[in-house]
Amino acid sequence: MFALRGIAVSLAFFVLVYCLLSAVVAIAWRSLKLLHATERRLTDLFFAVRVLPLLVSVVVTFAFVVPSFQLLEPRSLNVEEGIGAMPLALGICALLLIACGCWRVVAAQTQTSRVVARWLEGAHRLQVDTPAKRDAATAKTKTVTFCSRPEAPPLTLVGFRQPKVLVSESTLALLTHDELQVALKHELAHMQSRDNLKKLIFRFCPFPGMAKLESAWSQAAELTADDAAVSSLNDAIDLAAALVKLSRLVPVETAPVCTVGFVTGSIGARVARLLAWNEAEADATRQARMRPWYVIPPVLMALLCVTATYGPVLALTHEMTEWLVR
Amino acid sequence: MTKAFSIFGSSSRPHLGPFEQQLLQALWTRGSATVRELLADDNIHQAYTTVMTTVDRLYKKGLLNRVEEGRAFRYTPRHTPEELQRVTALESIRQLLGSGDASSLPLSYLVEALSTHDAQLLDELQLLVERKRLELQSRETKTRENAASEKTPPEQR
């Protein structure tokens with residue numbers, strides 16, 4: 001009974017923190033748009049904010065709720081005590097939430113595998129005619145590029161464990177060599193950012209009102225991939241031309257979740273941005289990229305604070321658990 | 001809001017008379033007003049009773065809210081212009097999709113209209129891309145010519 005109560009209370013806390021934070025995120029994420037940040041940073045911020053409720057609720061549950069229950073809940077007194085109606089109801093809600101998340105992930109994966117398998121029927125590995133193997137990015141893309149069936153999207157990245165870039169026959173016919181190269185670099189940028197995996201993580205943390213945040217992330221991810229693919233004005237124009245040409249190809253079916261299509265987001269905004277490409281601004285954007293060691297001091301500070309106040313926080317968490325049970 | 005829908009005909013604009021539209025516009029500008037305050041507007045040249053009757057009609061159509069203020073009413077628009085435009089458009093689309101025996105037919109018109117719009121947008125974007133490419137090519141040609149002329153010794157020029 002003690003273990004069951006512990007599980008129920010932990011799950012109840014998990015679902016409460018998750019729902020509360022998700023509601024705050026769903027309301028307040030728009031304020032991020034006011035930041036004067038680069039597209040890469042915005043993409044990272046949108047992603048971080050989207051998964052924040054899940055991360056925080058997991059950390060709070062495992063770092064505070066479970067230890068506080070283990071250490072501070074008197075075992076001997078709880079023999080006759082039940083689980084409690086509130087923890088039981090919230091625990092069931094948490095289980096339903098986790099089950100829903102798992103189901104959404106499995107469904108997305110299954111649907112993607114099924115659709116991609118159909119697209120790849122009769123497909124063959126594509127030999128992209130690169131003038132030289134000087135470009136590591138292009139060489140890497142070359143190993144994962146397939147020529148897919150005509151009903152597939154024009155150019156898309158599928159999967160995350162063994163990602164493939166699918167290029168339709170119409171795309172090969174429409175794009176010039178340079179346009180195809182820069183479009184492939186764009187898809188490769190998505191591959192390096194693991195955007196398909198991020199989409200799957202979004203599926204795992206469902207909450208109403210998050211669709212707009214996900215859409216903003218998707219648009220920012222497209223702009224980030226555009227930035228990563230372009231290194232000169234010529235590249236920018238080629239990418240814009242590819243975008244306009246492929247926008248005219250109407251996909252026969254909707255792309256599944258674990259795919260990132262080339263023609264995604266606001267085409268007008270992307271083309272306008274590419275045509276206004278500026279070398280100096282691009283350099284500034286690259287230099288402004290956040291270095292991983294910038295996060296080390298705040299993380300150390302947070303760890304220090306948690307260590308210093310761990311005992312009182314555990315006691316407080318236990319009091320809250322007691323309040324929840326009664 | 002549903003009451004407001006009933007005033008929309010098949011067109012995408014609310015089925016309001018010119019004076020009703022003028023009063024609604026005046027109320028959007030002011031935020032809220034009594035009939036007397038509306039009459040103080042230089043653009044409204046109607047009798048008190050005419051304005052009162054028209055504003056009352058707008059209230060009955062569900063477009064205005066009103067609260068008592070002394071012996072008169074203070075009227076406030078129920079929707080912003082954007083909201084009204086949005087619900088009008090939505091209602092028009094709903095009516096379009098719901099009309100006729102073949103329900104797929106209006107949808108095909110809609111797809112056709114959107115496709116035409118998309119195609120126009122893409123044509124414009126393509127034109128921009130081509131213009132930018134030409135601009136870049138001419139700039140590169142000029143740079144090359146300048147570089148070549150700088151390399152050429154002055155006596156050969």
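Asp227(A) and Arg273(A) form a salt bridge in which the closest N and O atoms are 2.9 Å apart. Asp227(A) belongs to helix H8 of chain A and Arg273(A) to helix H10 of chain A, so the pair ties together parts that are 46 residues apart in sequence. Asp227(A) is partly exposed, with a relative accessibility of 25%, and Arg273(A) is also partly exposed, with a relative accessible area of 30%. The model described here is predicted.

A salt bridge also joins the side chains of Glu222(A) and Arg270(A), at 3.3 Å from N to O. Glu222(A) lies in helix H8 (residues 211-229) of chain A and Arg270(A) in helix H10 of chain A, so this pair ties together parts that are 48 residues apart in sequence. Glu222(A) has a relative accessible area of 2% and is buried. Arg270(A) is buried too, at 0% relative accessibility. Over all chains, the search of the whole structure finds 15 salt bridges.

Three salt bridges are found across the interface of chain B and chain A. In one salt bridge, Asp123(B) is paired with Arg248(A), and the closest N and O atoms are 2.9 Å apart. In another, the side chains of Arg133(B) and Asp238(A) meet at 2.9 Å, N to O. Arg133(B) lies in helix H6 of chain B and Asp238(A) in helix H9 of chain A, so the pair joins two chains. Arg133(B) is partly exposed, with a relative accessible area of 24%, whereas Asp238(A) counts as buried at 8% relative accessibility. These two residues belong to a network of salt bridges that links Glu179(A), Asp238(A), Lys245(A) and Arg133(B).

The interface as a whole was described by contacts and by area. In chain B, 12 residues are in contact with 14 residues of chain A. The two chains bury about 1200 Å² between them, and 69% of this is on carbon and sulfur atoms. On the chain B side, Leu122(B), Lys132(B) and Arg133(B) lose the most area to chain A, together 42% of what that side buries.

The largest nonpolar core has 36 residues, and those with the most contacts inside it are Leu155(A), Phe262(A), Val271(A) and Val129(B). At least two residues of this core come from each of the following elements: in chain A, strand E3 (155-158), strand E4 (164-168), helix H6 (177-193), helix H9 (233-247) and helix H10 (267-275), and in chain B, helix H6 (104-151). H9(A) supplies the largest share, 10 residues. Leaving aside neighbours within four places in sequence, Val129(B) is in contact with Ile237(A), Ala240(A), Ala241(A), Val244(A), Val271(A) and Leu275(A). Another core, of 18 residues, lies apart from the largest one, and includes Ala26(B), Leu27(B), Ala33(B) and Leu84(B).

Strands E3(A) and E4(A) run antiparallel and are joined by four bridges. In this pairing, Leu155(A) has Val167(A) in E4(A) as its bridge partner. The two strands form a hairpin with five residues between them, and Gly159(A) in the turn has a positive phi of about 75°. Four of the five residues of E4(A) are buried, so this strand is largely enclosed by the rest of the structure.

Chain B contains six helices and two strands. Along the sequence, these elements follow the pattern α-α-α-α-β-β-α-α. Of the 157 residues in chain B, 25% are buried. The accessible surface of this chain comes to about 10900 Å², and 54% of it belongs to carbon and sulfur atoms. Among contacts in chain B between residues at least 6 apart in sequence, 50% join residues at least 24 apart.

In chain A, Val59(A) lies in helix H2 (residues 39-72). The C-alpha atoms of Val59(A) and Phe14(A) are separated by 9.1 Å, and the two residues are 45 residues apart along the chain.

Terms used. Residues are numbered from 1 along each chain as its sequence is written. Chains are lettered from A and ligands numbered from 1 in the order in which they are written. This is a predicted model: local features need pLDDT of at least 70, side-chain atom pairs count only at pLDDT 80 or more; totals for chains, interfaces and linings use all residues. Side-chain values use heavy atoms; hydrogens and water are left out. A nonpolar core is a set of buried Ala, Val, Leu, Ile, Met, Phe, Trp, Tyr and Cys residues joined through side-chain atoms within 4.5 Å. Buried means under 20% relative accessible area, exposed over 50%, partly exposed in between (1.4 Å probe, protein chains only). Contact means heavy atoms within 4.5 Å. Two strands pair if DSSP finds at least two bridges between them. Accessible areas come from the Shrake-Rupley method with a 1.4 Å probe; for residues, only the protein chains shown count as cover. Buried area is the accessible area (1.4 Å probe) that two parts lose on being put together, summed over both. A salt bridge is a side-chain nitrogen of Lys or Arg within 4 Å of a carboxyl oxygen of Asp or Glu.
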